[in-house]
Amino acid sequence: MFGKRGNSGSGIGRQPPPGVGTLERAPSPAAARAPEPPRAAIASPPIAPVAAQVEDRQRSSSFYETKSQVFGALIEAIDLSQLAKLDAQSAREEIRDIVNEIITIKNIVMSIAEQEDLLEDICNDVLGYGPLEPLLARDDIADIMVNGPNTVYIEVSGKISKTGVRFRDAAQLMNICQRIVSQVGRRVDESSPICDARLPDGSRVNVIAPPLAIDGAALTIRKFKKDKLTLEQLVKYGSISPEGAEILRIIGRVRCNVVVSGGTGSGKTTLLNCLTRYIDSDERIITCEDAAELQLQQPHVVRLETRPPNLEGEGRVTMTDLVKNCLRMRPERIIVGEVRGPEVFDLLQAMNTGHDGSMGTIHANSPRECLSRMESMIAMGGFSLPAKTVREIIVGSVDIIVQAARLRDGSRRITHITEVLGLEGETPITQDLFVYEMVGEDEDGKIVGRHRSTGIGRPKFWDRARYYNEDKRLAAALDAAEVGEPMR
């Protein structure tokens, strides 16, 4: 199924090894030279069994030179159109066999460990995401940041560190970027150098390519854990107290309109995923996102995603378009993955017109700033409304603001569960139900703090909780919410 090219410039073309010379001839030089297999061959990149230990090993420049030489010979030797017809495991085995033959023919001297590394690297280049595969295989990595072909950083446990991973050259990095975004029908090139996309597991991807990225393409991947976090696990990690988690469960259950606020990397999307677990399974939910990240477990979910313009600059579908269209789809809850602009007005209108229990996330550093950000985003949309009217719409629509933060030691905490009460004059009034307060740090530099109740015995959504028969659970959680021991 693979074929040698009759190219006198290639050692393997002149003397095909046993068992390889009888393979079918490649249909055309153009197909053989293609550096990237068809999309079907890379839809589900295989995970190397030893991948988790490879990424931090420093490779010599001679290793990369050898890899480049073998990779070039491999591309000359195989027919990628035939490769695409195989399943991932069979294709990987065929590639490994041919690479071993190339190493033998070219008399390349390598240790067994180096040869295994080379085989895995080349298989990943052809079938997966190249040097990124070992990093994607690790479940403890939260972010992968590629700053050009020679510099790759990762975030583990809230701390950023540099790895020994590098790409063969800038062209390989761009090929992998294009491979990722093409799977979701998007493109990245000089004419469209900025792109948001996602991996098959839902991980968020951002690419910015030259000429905007001066030192080579910049690729950022926000990885999602294979095992999705729950509120119980957030309690275990100290992100919220057990009583606070119980309040959040009730908030999700009784259809409060919730905005999750926080800075970049504070865990907003993770927290939103946790809250959606407590939505009843018989509710119709519609999600709107720039790159689909939310992974709801309910059976009746419609997922919508924005679309960038095509080559002619037409066909763009914005978040505002999606949220407006949601209202015609008979939703019971609308969930917006990230509110960034004028679509906030349509979301607030939906919250205020019978779609109770809608949710969204916003970049803001405090609940008070979250309200100001919504007001500013409405103004950005060109709505010529009086400031008081805008604030009345906001406080009439949002019930709860849940504030998330990433602290300086890398830990993530839910710092506020705040109710929006209404207006006093033209000033929005809020009250905190739970807050997180720092009390110091330990000898390792880890922040020590505790979640505490503010003593509110009857929150504004009490009547809503009683309507859903959750008032006894709410009262029990509030009564049990005493100031606990400091947590690390």
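Tutor: In this predicted model, Val258 stands opposite Met359 of strand β11. That pair belongs to the contact line between β7, residues 258-262, and β11, residues 359-363; the two strands run parallel and are joined by five bridges. Strands of a sheet pair through backbone hydrogen bonds, in either a parallel or an antiparallel way.

Two helices pack on the sheet that holds this pairing. Helix α10, residues 242-253, touches β7 and β11, and also β10 (333-336), β12 (400-406), β13 (412-424) and β14 (427-441). The direction of α10 makes about 50 degrees with that of β13. Helix α13, residues 343-351, touches β7, β10 and β11, and its direction makes about 155 degrees with that of β10. Both β7 and β11 are therefore touched by α10 as well as by α13, contact here meaning heavy atoms within 4.5 Å.

The sheet itself is open and has nine strands, in the order β9-β8-β10-β11-β7-β12-β13-β14-β15, with mixed pairing. Its edges are β9 (301-305) and β15 (447-453), each of which pairs on one side only. On average, neighbouring strands of the sheet are turned by 25 degrees against each other, direction ignored.

As for the setting, the protein has 17 helices and 15 strands. Of its 488 residues, 50% count as buried. Among contacts between residues at least 6 apart in sequence, 60% join residues at least 24 apart. The accessible surface comes to about 21,900 Å², and carbon and sulfur atoms account for 49% of it.

Technical notes:
Residues numbered from 1 in each chain as written. Predicted model: local features only at pLDDT ≥ 70, side-chain atom pairs only at ≥ 80, totals over all residues. Heavy atoms only, no water. Pairing = 2+ DSSP bridges. Helix = DSSP H or I, 4+ residues; strand = E, 2+ residues; numbered from the N terminus. Axes fitted to C-alpha atoms, helices over the stretch in contact; angles between N-to-C directions. Buried < 20%, exposed > 50% of the residue type's maximum accessible area, 1.4 Å probe, protein only. Areas by Shrake-Rupley, 256 points an atom, 1.4 Å probe, with all protein chains shown as cover.
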